[in-house]
Amino acid sequence: MKPLILIGGGGHCQSVIEVAESSGRIIQGILDRPDEVGKKVLGYPILGTDDQIPNYVPTCEFVITVGFIKNPSLRIKLFNQVREAGGVLATLIASTAYVSRHAHLGSGTVIMHNAFVNAGATVGENVIINTFCNIEHGVSIGNQCHISTGAMINGDCKIGDSSFIGSQSVLANGISICDGVIIGAGSLVRKNIKKSGIYIGNPLQSIEYLKTSTLKDSFLH
């Protein structure tokens with residue numbers, strides 16, 4: 001396997017370095033902002049900026065190591081830059097994670113430590129399956145998503161592209177979520193979500209609803 005170039009040198013990069021090391025991958029270095037060039041992240045050098053992606057296409061594979069909580073646009077932009085340059089996006093699985101041989105992972109996806117991806121699950125491209133996630137049988141996760149730490153995605157759920165599921169949130173069995181949805185940490189999703197937006201709580205409510213509701217203080221402060 002070719003060595004890795006990581007794109008983005010922040011906190012998420014540190015987590016991906018741990019995953020890559022645990023799975024035996026060699027990291028050549030990191031691309032980040034111009035003011036970060038010459039620094040190191042966990043001992044790995046920041047070699048240049050994303051403008052230099054084409055320089056590494058012949059000899060390396062790439063992983064997008066910019067995080068995504070509110071907006072995936074930067075991850076998508078960098079992913080597309082690699083593709084347009086003819087680069088290969090590596091798929092990483094932490095040594096402590098379990099991925100069924102009957103599951104499918106898209107390119108550029110990272111499965112963090114102690115995550116579980118069960119039989120029949122399909123995970124799209126450039127997805128973060130974070131630490132201690134449970135992705136159950138028959139789940140479909142779209143491209144450019146982030147399933148955050150400790151989230152529980154029960155059987156046969158469908159999550160649209162560019163969606164974020166917050167830490168320790170739970171999706172009940174068979175739930176469908178459209179593209180561009182953000183679920184706040186610790187939420188319980190029992191009904192399908194057909195409109196993009198931000199949703200939080202138990203019972204689940206949209207931010208737009210809470211802005212006009214007397215309940216908003218208990219959720220937002």
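**Burial and the model**

Buried means under 20% relative accessible area, exposed over 50%, and partly exposed in between (1.4 Å probe, protein chains only). By that cut-off C145 is buried, with a relative accessible area of 0%.

This is a predicted model: local features need pLDDT of at least 70, side-chain atom pairs count only at pLDDT 80 or more, and totals for chains, interfaces and linings use all residues. Residues are numbered from 1 along each chain as its sequence is written, and side-chain values use heavy atoms, with hydrogens and water left out.

**Cysteines**

The structure has zero disulfides; a disulfide is a pair of cysteine sulfur atoms within 2.5 Å. C145 is in no disulfide, and its nearest cysteine sulfur, that of C178, is 11 Å away. C178 is in no disulfide either.

Helices (H or I, at least four residues) and strands (E, at least two) are DSSP runs, numbered from the N terminus. Strand β2 covers residues 27–31. Four of its five residues are buried, so β2 is largely enclosed by the rest of the structure.

Two strands pair if DSSP finds at least two bridges between them. Strand β1 (residues 4–7) pairs with β2 in the parallel sense, over four bridges. I5 has G29 in β2 as its bridge partner. From β1 the chain crosses through helix α1 (residues 11–22) to β2, and this β-α-β crossover is right-handed. That is, with the strands pointing away from the viewer, the path from the first strand over the helix to the second runs clockwise.

Strand β4 (residues 44–48) runs parallel to β2, joined by two bridges. Here L31 stands opposite G48 in β4.
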